[in-house]
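Hello,

Here is the structure I promised to pass on to you. Please have a look at it, and then read my notes below.

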Amino acid sequence: MSFKPESYQEMFIRVKSKNEGGFIPFIVAGDPDFDTSLEIVRTFVENGADALEIGFAFSDPVADGPTVQEADLRALQAGMTTQKGFEFIRKIREFTSIPIGLLVYYNLIYQMGVDQFYKTAYESGVNAILAADLPLEESKDAITASKKYGVQQVFMAAQTTSNERLEKISNLCEGFLYVVAVMGVTGARGDLQTSTVDLIKRVRSHTDLPLSVGFGISKPEHVTNVISAGADGAIVASAILDIITENLQDKETMKRKIAEFCQKLKEATKKNRLRF
Amino acid sequence: MINNGKFGKYGGIFVPELLIPALEELEKAFLKYKDDKEFNQELDYYLKEFAGRPTALYYARNLSEKLGCKIYLKREDMLHTGAHKINNTIGQGLLAKYMGKTRLIAETGAGQHGIATAVVGSLLGIPVEVYMGSNDVERQKLNVLRMELSGAKVLPVDAGSRTLKDAINDAFRDWTSSVENTHYLIGTTMGPHPYPTMVKHFQSIIGRETRAEILEKEGELPDAVIACVGGGSNSIGIFSGFVNDEAVELIGVEGGGDGIKTPRTGATLCKGTEGILHGSFSFVLQNNDGQISEAHSVSAGLDYPGVGPEHAYLHSSGRANYVAVTDKEALRGFELLSRYEGIIPALESSHAVAYAEKYAKMPENKGKTIVVNLSGRGDKDMFLVASEMGVEV
């Protein structure tokens, strides 16, 4: 890889020193096709992304709503595979060092072989892996491989997660804790629930890990709210994928709109400008 | 979790974090009520008075004479709503009621599980919403109407292959948003722990009855038990009565579709490989990357690319044999039972009947005693069969 990846820890210290939160956009690798997808990631990086969440497309993504599922299907129809996904990461590493987290479903990891998947992830420049359907109970092999190759294993905390379970998750989780903002699957929402703010505060009281909040974060004010509530980063997915979906026929407009949206989202992480 | 929900290495809980507490709650309630006197009294009452248990173990004299074996049919087709599915929906529906859940959701392929859930919702006064692939909605119009008449709302799913697996995906998504008041009433032995164990528990009545009935009629255990396998609930139910009797051959019959050497098949154990789908580690029809393939079978209940994890265990340990029967062969099974016994089987069960004929014709099996689980009746499939036969209805 051309760049030595910055760690999540370094990134969060960097943004915190500027009194900001981390802005973390998401894309499915290869959506709508390999080259356009890569151009979109470049747009993210040039317009304020502090880290990247890259999804590997899966045919049956039960934790995701229709927006991500459509993106997954577009990528698969455009010929994406796990190997091409890693090639995608290596291409990203040619132009940026910001942390890269993978969002995958466990069957993709299992089919490649857990050890081989983490090895390839490390060699491609991935910082962290989160498998959406891999809870603590089934994560022994993944954690072993993550430690072997120094790829951090990320877990989720949800509104239904008990305090006792939060402690266990915090002990095993590395890099950052992914806080699921909503009761449900991914997808843009109109309003942020007050329970999201309560969850961030509850999780904060159990761990010193950086907290990145995702699921339903779709407007600058959502970003403002979660950062103000104590989160360290905001992950924005479906709202960006909506822009891709709506502009499939005009890629220049797509990239321009994504650039403008990213700038607004990044701006919304700047705490000294915020009132909550 | 109190138990890890594994059958050998298969099973487990591969779900998003949000669902873990709901599974823990369900496991706790299941372990509490499965041995609770009041719960079991109520369950027995409904199974007997509402569903119509016990079902007969019928000696199919004409078919036996034709095939040269003693063929018994476990008549789950005689149950209310027309299939074994009602055993599990009454069990889980009651459990949901005891847990204080105020809404039931379900997935359905052929429609039998959807109907069974709809009527149990009616019976217990709990609203029901059923996810169904839009292709299946089209294939099973009559069953959609039956669900709606029972007060259930049918939600067509247009994603993916528009069949059972996509209905399951959407039901999981719904449950992720509604775990606090909703019970997801899974219809087969797939899914995360505790579902495979719980569904087996509620379906094991088939095996207990069959064991007692065959001992009463024959004075000994059968040589073979044959049942169709989609997700695997009717088969695990009847197998459970004989799994510890090593001398009894257990045979699961998968939907072979156009044949297991073609891409159009639903034979997960015969053709699939190990993988994770819908919350458990089992066998899956998939490509080398782990992307799930679309399954095909003439029977909507068998075109599922996964299979319950206990079947994966019985397959890998060699305790049960799994075979595939093609669509054409299944249609022959459908006609065979209708013609010789006046019993029109569900297309799912027709796969088991078709394999029973093949099994009986093998010289080494001459004269053996075979139990075929007739998991459901074929009224629902008449339009489809008519179309296959070129008959206008």
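**What I found**

Among contacts in chain A between residues at least 6 apart in sequence, 74% join residues at least 24 apart. Please keep in mind that this is a predicted model.

Chain A holds 12 helices and nine strands. Its C-alpha trace spans about 45 × 45 × 35 Å along the principal axes. For 276 residues, a compact globule would have a radius of gyration near 19 Å, and the 17 Å of chain A agrees with that. Of those 276 residues, 63% count as buried.

As for charge, chain A carries 31 positive and 36 negative side chains, with the centres of the two sets 5 Å apart.

Now to the aromatic rings. Over all chains, the count comes to 24 aromatic pairs. One of them is formed by B:Tyr355 and B:Tyr359, a tilted pair with 6.5 Å centre to centre and 50 degrees between the planes. Where do B:Tyr355 and B:Tyr359 sit in chain B? Both belong to helix α14 (residues 347-361), and because they are four residues apart there, about one helical turn separates them. B:Tyr355 is buried, with a relative accessible area of 10%, and B:Tyr359 also counts as buried, at 2% relative accessibility.

Back in chain A, there is an aromatic cluster to look up: A:Phe56, A:Phe86, A:Phe117 and A:Tyr118 form it together.

Terms used. Residues numbered from 1 in each chain as written. Chains lettered and ligands numbered in written order. Predicted model: local features only at pLDDT ≥ 70, side-chain atom pairs only at ≥ 80, totals over all residues. Heavy atoms only, no water. Helix = DSSP H or I, 4+ residues; strand = E, 2+ residues; numbered from the N terminus. Rg over C-alpha atoms; globule rule 2.2 N^0.38 Å. Buried < 20%, exposed > 50% of the residue type's maximum accessible area, 1.4 Å probe, protein only. Contact = heavy atoms within 4.5 Å. Lys, Arg positive; Asp, Glu negative; His and termini not counted. Charge placed at Lys NZ, Arg CZ, Asp CG, Glu CD. Phe/Tyr/Trp six-rings, centres within 6.5 Å; stacked < 30°, edge-to-face > 60°.
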